[in-house]
Amino acid sequence: MSELVPEPRQKPAVPMKPMGINANLLGYIGIDTIIEQMRKKTMKTGFDFNIMVVGQSGLGKSTLVNTLFKSQVSRKSSGWNREEKIPKTVEIKAIGHVIEEGGVKMKLTVIDTPGFGDQINNENCWEPIEKYINEQYEKFLKEEVNIARKKRIPDTRVHCCLYFISPTGHSLRPLDLEFMKHLSKVVNIIPVIAKADTMTLEEKTEFKQRESMPFAVVGSDKEYQVNGKRVLGRKTPWGIIEVENLTHCEFALLRDFVIRTHLQDLKEVTHNIHYETYRAKRLNDNGGLPPMTVETEENHESNL
């Protein structure tokens, strides 16, 4: 009877020691030039940024967007016209512009939503907005799954939604809560208290303590002379409300957040979270297959 020989034990794997920074570099490589390469590419091709504005009529949505980008980019730039008829349903209107600064081109699209919150019965008035946002995801998805897709897919997805809260000095309305509850699942929402100069300091402080820190802002595309300097502001019987003065309002904080510090983050969250969530659901609903486009239908029929 042969004697059973136990198999030799394998030595446990020795974990690799983490390499220190520049552990084996014998000289300069140049990997840091990727930043300059990305900058040159952005300057050459430009980039897309799509911003949606939502809120009742008369809250200064157009003026604030014009102030943000220091140009007439909104659908209306002269404020609310009282003779203009309020739409019976929520309409979606998009206007595109190209803004260039320092050699960098931004293809800006401003999406307005006239009619939102202006009816006696505003039940489910966010549905056309949610439908529009999802339609842009669907459009991008169909372009993405094309066999001969474009080198650069046009991006009409909404990267940011400015939601305008009425400056009543009280808490959020049920409509505000319902809108943000439903739409926060599909788009980046930034709440702003519109025309914050109409609120007292006590009202503003109480509102911001009660709610989740919306930006209290004032917009204006008019310049005034203050202490020898030209500033954007709103003229009141008590003086000039300076738009970019943090002691007067939080417009500068909003501008920095949307444009100077988190613009790329807003685009990445749109692509990596909101769009990917929509994409996964669509593919799952379709049995793992991409949605049919005209091109894929023709290819499918030719293979039959």
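Is Asn 124 buried, exposed or partly exposed? I'm working from a predicted model here, and in it Asn 124 has a relative accessible area of 32%. Buried would need under 20% and exposed over 50%, so Asn 124 goes down as partly exposed.

**Entry: the two asparagines.** I found Asn 124 in the loop that runs between β3 (104-112) and α3 (127-145). Asn 227 also turned up with a positive phi, about 50° in this case, and Asn 227 is not a glycine either. I placed Asn 227 in the loop between β7 (223-226) and β8 (229-236). Its relative accessibility is 78%, so I wrote Asn 227 down as exposed.

**Entry: cysteines.** How many disulfides does a search of the whole structure find? I got 0. I then went to Cys 160, which is in no disulfide; the nearest cysteine sulfur belongs to Cys 161 and is 7.1 Å away. A pair counts as a disulfide within 2.5 Å, so 7.1 Å rules this one out. Cys 160 has 0% relative accessibility, and therefore I list it as buried. Cys 161 is in no disulfide either, with the sulfur of Cys 160 as its nearest cysteine sulfur. Cys 161 is buried too, because its relative accessible area is 0%.

**Entry: a greasy spot.** Which residues form a nonpolar patch on the surface? I noted Leu 25, Ile 29 and Ile 31, which together have about 330 Å² of accessible area. I looked at Ile 29 on its own and found it in the segment before α1 (34-45). With a relative accessibility of 58%, Ile 29 is over the 50% cut-off, so I count it as exposed.

Entry: I checked confidence last. The protein chain averages a pLDDT of 83, and 80% of the residues score at least 70.

Definitions and conventions:
Residues are numbered from 1 along each chain as its sequence is written. This is a predicted model: local features need pLDDT of at least 70, side-chain atom pairs count only at pLDDT 80 or more; totals for chains, interfaces and linings use all residues. Side-chain values use heavy atoms; hydrogens and water are left out. pLDDT is the predictor's confidence in each residue, from 0 to 100. Patches are made of residues with over 30% relative accessible area and no salt bridge: like charges are joined within 9 Å, nonpolar side chains (Val, Leu, Ile, Met, Phe, Trp, Tyr) within 5 Å. Accessible areas come from the Shrake-Rupley method with a 1.4 Å probe; for residues, only the protein chains shown count as cover. A salt bridge is a side-chain nitrogen of Lys or Arg within 4 Å of a carboxyl oxygen of Asp or Glu. Helices (H or I, at least four residues) and strands (E, at least two) are DSSP runs, numbered from the N terminus. Buried means under 20% relative accessible area, exposed over 50%, partly exposed in between (1.4 Å probe, protein chains only).
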